[in-house]
Amino acid sequence: MAKPRRPQVSSRKQPQQARSTELVAAILQAAELVLAKEGATRFTTARVAEKAGVSVGSVYQYFPNKAAILFRLQTDEWRQTSEMLARILEDARKPPLDRLRALVHAFLRSECDEAAMRVALNDAAPLYRDAPEAREARASADETIEAFLREVLPKATAARRALAGDLITTTMSAFGHSFSSTPRSAAEIRTYADAMADMFVAYLRGLQ
């Protein structure tokens, strides 16, 4: 039996002129609004075009299907997360474990601030999760974590560092998703972020 064909998730083309860039930005902004309001199951290219005030054909110039639009929203989110990781974990002015603590606080705040969008993107993930482009988009964050752990655990084996990185990132992701599903106050976010950071710091100190 033939495997189902994966939808194309790459953009058809990149905007080259200011007008084209503005059109793509309007489409993506409309897509965010439609996704937040309708959810992944009712998300369609037609609804995005209507919200953006453009024709469906204009959307198809840049995105071949709804999976490509959703993937672009997801890769933008991954890029922002990767930039946050790099900015915090590569800040050599602070001790490594202080950087990790700062990352946990920033990550949990981000999860709560963008909870509705993240839940909707998670629901849409089956459309693009296994695409090669998705693996490539996640690689930058993985490299940042690996470099940080080489600094924190210089004597540990590569396998031990990989395990530590997987435990930390998986725990943050899973807890962030669960924690942000309920509205949280700033005080709650700080309390839980402190507790999670304490747990990670103790774990890494034990490995040291």
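Gln74 is buried, with a relative accessible area of 8%; buried means under 20% relative accessible area, exposed over 50%, and partly exposed in between, with a 1.4 Å probe and protein chains only. The residue lies in helix H4, where helices (H or I, at least four residues) and strands (E, at least two) are DSSP runs numbered from the N terminus. Leaving out residues up to four places away in sequence, Gln74 touches Leu121 and Tyr128, contact being heavy atoms within 4.5 Å.

The model is predicted: local features need pLDDT of at least 70, side-chain atom pairs count only at pLDDT 80 or more, and totals for chains, interfaces and linings use all residues. Residues are numbered from 1 along each chain as its sequence is written, and side-chain values use heavy atoms, with hydrogens and water left out.

The protein has nine helices and zero strands, so the order of elements from the N terminus reads α-α-α-α-α-α-α-α-α. Of its 208 residues, 40% count as buried. Among contacts with a separation of 6 or more, 72% are between residues 24 or more positions apart. The protein exposes about 12100 Å², and carbon and sulfur atoms supply 51% of that area; accessible areas come from the Shrake-Rupley method with a 1.4 Å probe, and for residues only the protein chains shown count as cover.

Next, the interior. A nonpolar core is a set of buried Ala, Val, Leu, Ile, Met, Phe, Trp, Tyr and Cys residues joined through side-chain atoms within 4.5 Å. The largest such core holds 30 residues, and those touching the most other members are Leu103, Val104, Leu149, Leu153, Met172, Phe200 and Leu204. At least two residues of this core come from each of helix H4 (66–89), helix H5 (96–113), helix H7 (132–152), helix H8 (158–179) and helix H9 (186–207). H5 gives the most, with eight residues. Val104 is in contact with Met172, Ala193, Met196, Ala197 and Phe200, leaving aside its neighbours within four places in sequence. A second, separate core has 26 residues, including Val48, Ala49, Ala120 and Leu121.

Phe107 is placed in helix H5 and counts as buried at 12% relative accessibility. With neighbours within four places in sequence set aside, its contacts are Met84, Met172, Ser173 and Gly176. Phe107 and Leu85 are 22 residues apart in sequence, and their C-alpha atoms are 8.8 Å apart in space.

Now the empty space. Rolling a probe the size of a water molecule over the atoms shows where such space is left. On a 1 Å grid over the protein atoms alone, a pocket is an open set of points with protein on both sides within 12 Å along at least five of seven lines, whereas a cavity is a set of points where a 1.4 Å probe fits but cannot get out; lining residues have an atom within 4 Å of a point. Grid points are joined across faces, edges and corners, and a volume is the space filled by probe spheres set on the points.

The largest pocket contains about 1200 Å³ of space. Its lining consists of 37 residues, with Trp78, Thr81, Arg138, Thr169 and Ser173 lying nearest the centre. H4, H5, helix H6 (115–124), H7 and H8 each supply at least two lining residues, and H8 has the largest share, 10 residues. The lining divides into 17 nonpolar, 10 polar and 10 charged residues; Ala, Val, Leu, Ile, Met, Phe, Trp, Tyr, Cys and Pro count as nonpolar, Asp, Glu, Lys and Arg as charged, and the others, Gly among them, as polar. Arg138 is in helix H7 and counts as partly exposed, at 30% relative accessibility. Arg138 and Thr75 are 63 residues apart in sequence but 8.3 Å apart in space, C-alpha to C-alpha.

The second largest pocket contains about 170 Å³ of space. It is lined by Leu28, Glu32, Leu73, Asp76, Glu77, Gln80, Glu114, Met117, Arg118 and Leu121. Helix H1 (18–38), H4 and H6 each give two or more of these residues, and H4 has the largest share, four residues. By class, four are nonpolar, one is polar and five are charged. Glu77, in helix H4, counts as buried at 12% relative accessibility.
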